Amino acid sequence: MPPLPSLLLNQRLSLSLKPLLLFSQSSLAPRKFQIPRQSVSVKRRTFSSLASEHSSENGGRSSVRGRSGALSPSLVAEEVQRIDVNPPKGTRDFPPEDMRLRNWLFNHFREVSRLFGFEEVDYPVLESEALFIRKAGEEIRDQLYCFEDRGNRRVALRPELTPSLARLVIQKGKSLSLPLKWFAVGQCWRYERMTRGRRREHYQWNMDILGVPEVTAEAELIASIVTFFKRIGIKESDVGFKVSSRKVLQEVLRCYSVPENLFGKVCIIIDKIEKIPIAEIKRELNVTGLSEEAIEELLQVLSIKSLTKLEEILGGAGEAIADLKELFSLAEKFGYSEWIQFDASVVRGLAYYTGIVFEGFDRDGKLRAICGGGRYDRLLSTFGGDDVPACGFGFGDAVIVELLKEKGLLPELSLEVDNIVCALDRDLQGVAAIVATKLREKGQSVDLVLESKPLKWVFKRAARTNAQRLIMVGNTEWQKGMVVVKVLSSGKQYEIKLDELE
Ligand code: HAM
């Protein structure tokens, strides 16, 4: 028997002692595991004890290979090793019920992306570390899972998808026709302090548009997130988007002749405003080279929550005001004005944003950002490529689940099969396989009972799998080429020729 996967051990109390169908790597034949209730240790027995157990199990015959052809345990015997049955801190298993929720969520991500005409892409989870090293002092850099591989290359588990997108766009070069609209759903890794909805591994839905310099692109992206929220039952009274533009900061810094190359660094410091004391923020800005006067003005501008007020301070001529006004005007046309609000304090923690930035937040203020994104027109040139206007967002899978829980909107997702098929006689197991195959060929799902079981067991199983029909293969009926169908919702039962079974 192969070592019991830790997920099974972890779940031993909640799982019933039913056969679980798993596929081992060495063989695609399903194997039956019986989960031990007593012990959580994987017994890796000693060579001598195994040798004697093995020979007594097979009646004294000694064989090196079992039925599956796998090496006999005696050859892989080691000492007993008690394993931690939990996954590494901050990571998750996805047992079936969690996987159903994940699939439900990802299907919505994918369906919304399809509705907006985006193409799916993906990149390796493992990337070159250099892709994520930016000099602006971002938090994400300190959270990197990085190491040297066996070929002495510095590599990292991706903390986000945007640098990989940039890398691929540079690699494809002129062969790409712009604008491109790409989406991805991928796992990201950040060695983060764990809070509600923040973990060390999460999945992110990203949608990005490259090749469109106009704010229409940002407006389209926010429209897609609003569409997603509506589909899953979240309303504008539950969440909103705080929107600003980094050009607001740029204009203030320009007034004080702060060099352009400090811009990213200043943004990263400002993004920490709610996380560290204001005195520390001022000190860091000062160290960067900003005068006290510039800092005070900056902080004052950042507290503005009205576009009209911002216009009064900055004047109406700048790009920041023009972009934001256009975005709000487009929001009206898209029909999501109620969802968005201007908030100059939104800067975001990644150095590469250059224009509009936005963040989805829960209006009860209990959770961290639900999603976030913005324009990053100059990221490609930081990797040596030609710049292409770009914007996009990342939407994690963890905070949204917390929000759905809060709002009582988590869907009830249970296992559902169309049919459960069972042979009433052991000799008819092959016929049951014929019935199952026929139904599967028609696209129907079938839970085929693989062992001889009493009907009571079959009914219990049907209830657990929410089977719609029970199909029984019995001797008397089969002699006439027929099977018995029981519709489980109504209890209606009838005999039908196999050829006519739909
Ligand atoms: P980000 O704000 O770092 O942006 O992450 C985007 C979203 O990913 C967050 O709003 C949150 O939903 C989720 N997220 C981030 N870190 C964690 C974590 N430790 N645990 C759970 N969820 C998390 C970016 O990553 C940008 N690359 C987004 C982007 C795409 N900008 C343009 N295109």
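Start by selecting W205, F228, F229, F241, F395 and I400: these have the most contacts inside the largest nonpolar core, which has 78 residues. Such a core is a set of buried Ala, Val, Leu, Ile, Met, Phe, Trp, Tyr and Cys residues joined through side-chain atoms within 4.5 Å; buried means under 20% relative accessible area, exposed over 50%, and partly exposed in between (1.4 Å probe, protein chains only). In soluble globular proteins, nonpolar side chains tend to be buried together.

Now colour helix α6, residues 216–231, which gives the most to this core, with 9 residues. Helices (H or I, at least four residues) and strands (E, at least two) are DSSP runs, numbered from the N terminus.

Next, centre on F228. Beyond its neighbours within four places in sequence, F228 is in contact (heavy atoms within 4.5 Å) with L105, H108, F109, V112, W205, F395 and I400. For a second, separate core, one of 24 residues, pick L161, W182, C188 and V388, which are among its members.

A word on what you are viewing: this is a predicted model, where local features need pLDDT of at least 70 and side-chain atom pairs count only at pLDDT 80 or more, while totals for chains, interfaces and linings use all residues. Residues are numbered from 1 along each chain as its sequence is written, and side-chain values use heavy atoms, with hydrogens and water left out.

Colour by pLDDT, the predictor's confidence in each residue from 0 to 100. The protein's mean is 87, and 84% of its residues reach 70 or more. Residues 1–9 are below 50, with 23 contacts in the model beyond near neighbours in sequence. Residues 16–69 are also below 50, and that stretch has 83 such contacts.

On to the record: an unreviewed UniProt entry lists E160, L161, T162, R190, Q204, D208, R348, Y352 and Y353 under "binding site". Positions follow the numbering used here, feature names are shortened, and annotations may be inferred rather than shown by experiment.

From that set, zoom in on R190, in the loop between β7 (180–189) and β8 (201–210). R190 is buried, at 17% relative accessible area. A polar atom of its side chain lies 2.8 Å from the backbone oxygen of P159. Setting aside residues up to four places away in sequence, R190 touches several others, including I140, Y145, E160 and Q204.

Finish at R348, in the loop between β10 (340–342) and β11 (356–362). R348 is buried too, with a relative accessible area of 12%. Among its contacts beyond four places in sequence are R246, D271, Y353 and E359.

Definitions and conventions:
Polar contact = N/O pair within 3.5 Å; in protein donor to acceptor, adjacent residues only side chain to side chain.
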